[in-house]
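Work through these exercises with the structure open beside you. Try each task before you read its solution.

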Amino acid sequence: MEALILTVLLTSVPLIFAATGELVAERSGVLNLGVEGMMLMGAVSAFAATSIFGNPYMGILAGALAGAMTAAVFSLFALGLATNQVATGLALTIFGSGLSGLVGAPYVGGTVDGLPNLAIPILVDVPIIGNLLFNHDIMAYLSIGVLMLVAWFLNRTRAGLVLRAVGNSHDSAHALGYRVLLVRFGAVSFGGLMAGLGGAYLPLMLTPHWSEGMTAGRGWIALALVVFASWIPSRILIGALLFGGITIMQLAGQARGWTVPSQMLSMLPYIATIIVLVLIARNRDFALANSPACLGRLFISNK
Amino acid sequence: MISMTPRKHIPLSLTLLTPAVAIFLTLAVGVAIFGLLGFSPFDSLYTFFVAPISRPDQIGDLFVKACPLIITATGLVFCFRANVWNIGAEGQLIFGAIFSGWVALNFPDWPAMSLMPAMVLASIIGGICWAMIPALLKVRFNTNEILVSLMLTYVAALFIDWLVRGPWRDPMSFGFPLTKMYSDAGLIQRIDLPIVGTLGQLHWGVIGALLLAVAGGFVLSRTILGFQIKVMGDAPRAGQFAGFEPHLVTIGVMAIAGGAAGLAGMIEVSASMGQLQPNVSFGYGFTAIIVAFLARLNPIGVIFAGLIVALAELGGDYAQIALGMPKVVTGVFKGILLFMLLAGEIFNRYHITWRRPAVMPVSKGR
């Protein structure tokens, strides 16, 4: 049972990273559908760096950098040239899937050592919850830390207020003298950094190898999580754990010899995403209360 | 600071020039990336874009490769024109293959005269059914059609995987995940040209694809339905004042795209595979998105765009064999191409100049 809960926690870590990053980007008014591509670039870079340097911490760094750089490509087009954000995001996912496959080709079949667990002294000895919550790798702690930091940043700091203002009314923010595109570039880059970290977690912790398209739709689920969280950071945690649980259910089901075909169990996370999207969308007030008003709209300053 | 002024009139030369420039820039960037990764740039270019069409029979194969792309992209043009973001054509294609496969596997004794139309109809229904899920959820609950249609693609891929490994597997397949072969009546035949005979794999489905694209062009430019779709995409408020039903347009374009994708699935299986297998599509549903944009959302343009992208797809196959590159590398080209096309769109729509920083902002929503 404890092993099962631990797996659920680990499975939700990449989702927390990617969804938190995307939430910040969306709060600034940018819909970046390229999360899947950025995660793949993060994953392949993390695996490659870990193989080369033999050190998983270099992998974390490489993953984050690769994610941010991939996001910069999106910014170049969607912000710099004001291209349609939906289509540009799709292009980023296609591009990222292809490039990650090309870069990762020599690494298919190899394995790396995962991140070591860092037990927090004293706390880890607390009965029942100690080992569950306080004996993880650095990225698991980091994911929670980043989530809390983002919640604080968005709601309690002046810079967070500016970011939300840009997302809610880019014209007003521009009139007040804020650099709309600069703020958005920062938010998108942060989103890429986080997606890269989320991607890096896959080869470093979940499955110690690289394979093409190994994110298997996690980037898209992260996008759905932002909707599920109705753009409120703390709710991402609930959503990610929920999806982690559903993903793990298939493994648990196989282990217990359920007679349901494995493909049906593998469908669960995707079907659950659809159901959640419907449930959230039904209650419009709840769903859209914190939705950035300028989400996905182009900003072009004239004259 | 960059200043963008909307153009009042887009010159025709610009309309035609944009895709050409986009393709050229894509090649330049692609070659640079291959160079950086240690592949010989010119070998890669040759393998990708010349080797696949260096013999006459390969021209036939090019059309065959373009066939599912042209059909699917024609349907997607309707969606994107109406600003409905159906990106789950891959799943709709798979369901078209499943539905027509059910007909082919259950009625193998029917003559081609009745089996073929039944399979076509079944594939269209299958694609429409799968497309109606995101369409109805969007209309009824305002859910995001991008995410729903994409999630359904994963579901569809797992579903066909289950079918061909489980209930539909041919007991004589020695454990391979394959259904029985379709009867001859359920197979699309190759075209037997006078004098030259068959041209590669060129089959009758290709003719269907070309006709469909032309029909799509007619509907979009000459009928009230096409007009409604374009108005709802460009100016939804104006469309509502004109009395158009936005929900009906959404459902209509999703049905068109789903039906077309389903048909593409049927043709792909009946012409090239002859039986269902776990991978009936190799990302055609996603690639068709790029084809639609390369065609500048024009069904006639889809024919040419389909051939160009099919060339890159074939090139990917060759690169896999000749240079040992993984097949996904075509994704690099496809992604860059889509970036360039989108950027080109902006240069078309706006007059871009370099000016002093702005004082008064004007924003432009889409």
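**Exercise 1.** Describe how α12(B) and α13(B) cross: which hand does the crossing have?

Solution. Begin with the hand. α12(B) and α13(B) make a right-handed crossing. (A crossing is left-handed if the near helix is turned anticlockwise from the far one by less than a right angle, and right-handed if clockwise.) Next, take distance and angle. The two axes come within 8 Å and cross at roughly 150 degrees. (Axes are lines fitted to C-alpha atoms, for helices over the stretch in contact; angles run from 0 to 180 degrees between N-to-C directions.) That makes α12(B) roughly antiparallel to α13(B). (Angles under 35 degrees count as roughly parallel, over 145 as roughly antiparallel, 65 to 115 as roughly perpendicular and the rest as oblique.)

Now list the residues. α12(B) brings Ala312(B), Glu313(B), Gly315(B), Gly316(B) and Ala319(B). α13(B) answers with Val329(B), Thr330(B), Phe333(B) and Lys334(B). (Two residues are in contact if their C-beta atoms, placed from the backbone, lie within 7 Å.) Last, sort them. The contact of α12(B) with α13(B) has four nonpolar, three polar and two charged residues. (Ala, Val, Leu, Ile, Met, Phe, Trp, Tyr, Cys and Pro count as nonpolar, Asp, Glu, Lys and Arg as charged, and the others, Gly among them, as polar.)

A note on the source: this is a predicted model, where local features need pLDDT of at least 70, side-chain atom pairs count only at pLDDT 80 or more, and totals for chains, interfaces and linings use all residues. Residues are numbered from 1 along each chain as its sequence is written, while chains are lettered from A and ligands numbered from 1 in the order in which they are written.

**Exercise 2.** Find the angle between α3(B) and α12(B), then name the class of their crossing.

Solution. Locate the helices. α3 of chain B covers residues 56–81, and α12 of chain B covers residues 299–322. (Helices, H or I, of at least four residues, and strands, E, of at least two, are DSSP runs, numbered from the N terminus.) Their axes come within 7 Å and cross at roughly 135 degrees. α3(B) and α12(B) are therefore oblique to each other. Their crossing is right-handed.

Look at the contact. α3(B) residues there include Leu62(B), Leu69(B) and Val77(B). Among the α12(B) residues they meet are Pro299(B), Ile303(B) and Leu314(B). By class, this contact of α3(B) with α12(B) has 15 nonpolar, two polar and three charged residues.

**Exercise 3.** How many charged residues are in the contact of α4(B) with α5(B)?

Solution. Find α4 at residues 89–106 and α5 at residues 112–141 of chain B. Their axes come within 7 Å and cross at roughly 145 degrees. α4(B) passes α5(B) in a right-handed crossing. Members of the α4(B) side include Phe95(B), Phe99(B) and Trp102(B). The α5(B) side includes Met119(B), Cys129(B) and Trp130(B). Now count the classes for α4(B) with α5(B): 17 nonpolar, seven polar and no charged.

**Exercise 4.** Which helix of chain A gives the most to the side that touches chain B?

Solution. Start with the totals. 50 residues of chain A are in contact with 51 residues of chain B. Then list the helices of chain A that each supply at least two residues to its side: α4 (85–104), α8 (170–175), α10 (218–228) and α12 (262–282). α4(A) gives the most, with 13 residues. The residues of this side of chain A divide into 31 nonpolar, 14 polar and five charged.
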